[in-house]
Amino acid sequence: MSKKFEFDLDGRLEADSTFIADGPLSQFRLMNDARFPWLVLVPKVSGASEWLDLPEQQQQILLSEINIAAAMLRKNFPCEKINIGALGNIVRQLHVHVIARTTQDAAWPGPVWGQGIAKAYSTSELEIVTGTLQRAFRKNLIVGAA
């Protein structure tokens, strides 16, 4: 997809996350909560608030991106479970959460939403995690294209 997207990122998503990379359809973003390795994929589609707002081809691309995000987290962060969710009750812009979970994490076995207080990454932690994810993203796109 070489199409240029007209896209405005919701301010809450922008404030709560850090840009990792642009996928074919979505921005890959890291949530700023060091308690959980947590990616958010935001399709660059104006006006989309639900999965079903996307044409079938874009739904398939988003599913592929979710698989890439899950594989990146599983390979680079110790985890026992990958949680995937698209709620959108507060932020209406379509976005998908992909979260690496362990039985020792702060919210286990419940959902991560509304559990405790987010722990922001330090500057050095953020550099390390974003670098790791950006390298993994590039590697996954190359493998996915083969």
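Q: Where does V129 sit?

A: V129 lies in helix 3. Keep in mind that this is a predicted model.

Q: Is V129 buried or exposed there, and why?

A: V129 has a relative accessible area of 11%. Buried means under 20%, so V129 is buried.

Q: And what does V129 touch, leaving out residues up to four places away in sequence?

A: Three residues: L30, F77 and Y121.

Q: What about L62, how far is that from V129?

A: C-alpha to C-alpha, V129 and L62 are 23 Å apart in space. In sequence, 67 residues separate them.

Q: OK, T130 next. Where is T130 found, and is it buried or exposed?

A: T130 is found in helix 3 as well. Its relative accessibility is 11%, so T130 counts as buried.

Q: Which residues does T130 touch?

A: Not counting residues up to four places away in sequence, T130 touches T18, I20 and L30. L30 is also touched by V129.

Q: T18 and L30, how do those two stand in the strands?

A: T18 stands opposite L30, which is in strand 2. Strand 1 and strand 2 run antiparallel and are joined by five bridges.

Q: Remind me, what do strands of a sheet pair through?

A: Backbone hydrogen bonds, and the pairing can be either parallel or antiparallel.

Q: How do strand 2 and strand 3 pair?

A: In the antiparallel sense, over five bridges. Strand 2 and strand 3 form a hairpin with six residues between them. As for facing residues, Q27 stands opposite V42 in strand 3.

Q: And on to strand 5, how many bridges join strand 3 to it?

A: Four bridges join strand 3 (residues 38-43) to strand 5, and the two run antiparallel. V40 has H97 in strand 5 as its bridge partner.

Q: Why is strand 3 said to be largely enclosed?

A: Six of the six residues of strand 3 are buried, so the rest of the structure largely encloses this strand. Both faces are covered. W38, V40 and V42 are buried on one side, and L39, L41 and P43 are buried on the other.

Q: Buried or exposed?

A: I82 is buried, with a relative accessible area of 13%.

Q: How far is I82 from T102?

A: Their C-alpha atoms are separated by 8.9 Å, and the two residues are 20 residues apart along the chain.

Q: Where is T102 found, then?

A: T102 is found in the loop between strand 5 (96-101) and helix 3 (123-145). With 17% relative accessibility, T102 counts as buried. Leaving out residues up to four places away in sequence, T102 touches P78, C79, E80 and W108.

Q: W108, what's the peptide bond from there to P109?

A: That peptide bond is cis, with omega near 0°. P109 lies in the loop between strand 5 and helix 3.

Q: Which helix gives the most to the lining of the largest pocket?

A: Helix 1 (residues 11-16), with three residues.

Q: And what does the lining have by class?

A: The lining of the largest pocket has nine nonpolar, eight polar and four charged residues.

Methods: Residues are numbered from 1 along each chain as its sequence is written. This is a predicted model: local features need pLDDT of at least 70, side-chain atom pairs count only at pLDDT 80 or more; totals for chains, interfaces and linings use all residues. Side-chain values use heavy atoms; hydrogens and water are left out. Buried means under 20% relative accessible area, exposed over 50%, partly exposed in between (1.4 Å probe, protein chains only). Contact means heavy atoms within 4.5 Å. Ala, Val, Leu, Ile, Met, Phe, Trp, Tyr, Cys and Pro count as nonpolar, Asp, Glu, Lys and Arg as charged, and the others, Gly among them, as polar. Two strands pair if DSSP finds at least two bridges between them.
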